[in-house]
Amino acid sequence: MFSISDDQMDALFGYIFTIDPNVDREKLQKKDLTAYKALTDFMQKHCKVSHYVFQVMKCKPEMPCNYCNNHPPRMQNFDQLHWVPDPVCIQGADGERYREFSEVYGNTTTEQDRPSLKSSVTTSPADVVHKDLLVTRKVLIKS
């Protein structure tokens with residue numbers, strides 16, 4: 001783990017304040033963010049939040065917003081840039097596997113195949129009926 005410096009934090013808030021000057025640095029919990037309409041609108045249009053990553057992308061040049069008009073993309077081939085995709089499972093002859101990055105890049109994906117969601121334990125009806133068999137108890141033996 002690493003932490004960012006105070007200067008880096010100030011630079012980050014500089015960007016945030018250009019989007020919404022009303023943001024309070026001390027009130028940034030998820031419940032507080034709804035109070036910042038401009039920031040919320042920006043995040044809905046420009047951000048993708050998933051279990052693995054938080055992504056921010058500027059508008060495509062043909063449909064820029066106010067922020068992107070003032071801060072246009074500076075890289076070549078920006079129109080070929082896409083969100084980083086979520087893992088996507090397929091069933092193959094050798095069992096379940098994940099698609100290659102090159103197969104899913106540029107496509108809309110969801111988190112439904114996220115490994116940690118797939119490994120949830122399910123309880124069978126037999127487990128429910130016989131759950132008392134697996135309970136440990138303190139037994140007092142009288143001699």
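User: Which element of the protein chain has the highest mean pLDDT?

Analyst: This is a predicted model. The protein chain averages a pLDDT of 83, and 88% of the residues score at least 70. Among its elements, helix α7 (residues 125–129) has the lowest mean, 76. The highest mean, 94, belongs to helix α5 (residues 101–104).

User: Which element gives the most to the largest nonpolar core?

Analyst: The largest nonpolar core holds 11 residues, among them Phe13, Tyr36, Cys59 and Cys68. Two or more of its residues come from each of α1 (6–19), α3 (37–46) and α4. With 3 residues, the top contributor is α1.

User: Is Ser50 buried or exposed?

Analyst: Ser50 sits in the loop between β1 (47–49) and β2 (54–56). Beyond four places in sequence, Ser50 touches Asp86 and Glu111. Its relative accessibility is 15%. The cut-off for buried is under 20%, so Ser50 counts as buried.

User: Why does Asn77 count as partly exposed?

Analyst: Asn77 lies in the loop between α4 (66–70) and β3 (89–92). Its phi is near 60°, a positive value in a residue other than glycine. Asn77 counts as partly exposed because its relative accessibility is 48%.

Notes:
Residues are numbered from 1 along each chain as its sequence is written. This is a predicted model: local features need pLDDT of at least 70, side-chain atom pairs count only at pLDDT 80 or more; totals for chains, interfaces and linings use all residues. Side-chain values use heavy atoms; hydrogens and water are left out. pLDDT is the predictor's confidence in each residue, from 0 to 100. Helices (H or I, at least four residues) and strands (E, at least two) are DSSP runs, numbered from the N terminus. Buried means under 20% relative accessible area, exposed over 50%, partly exposed in between (1.4 Å probe, protein chains only). Contact means heavy atoms within 4.5 Å. A nonpolar core is a set of buried Ala, Val, Leu, Ile, Met, Phe, Trp, Tyr and Cys residues joined through side-chain atoms within 4.5 Å.
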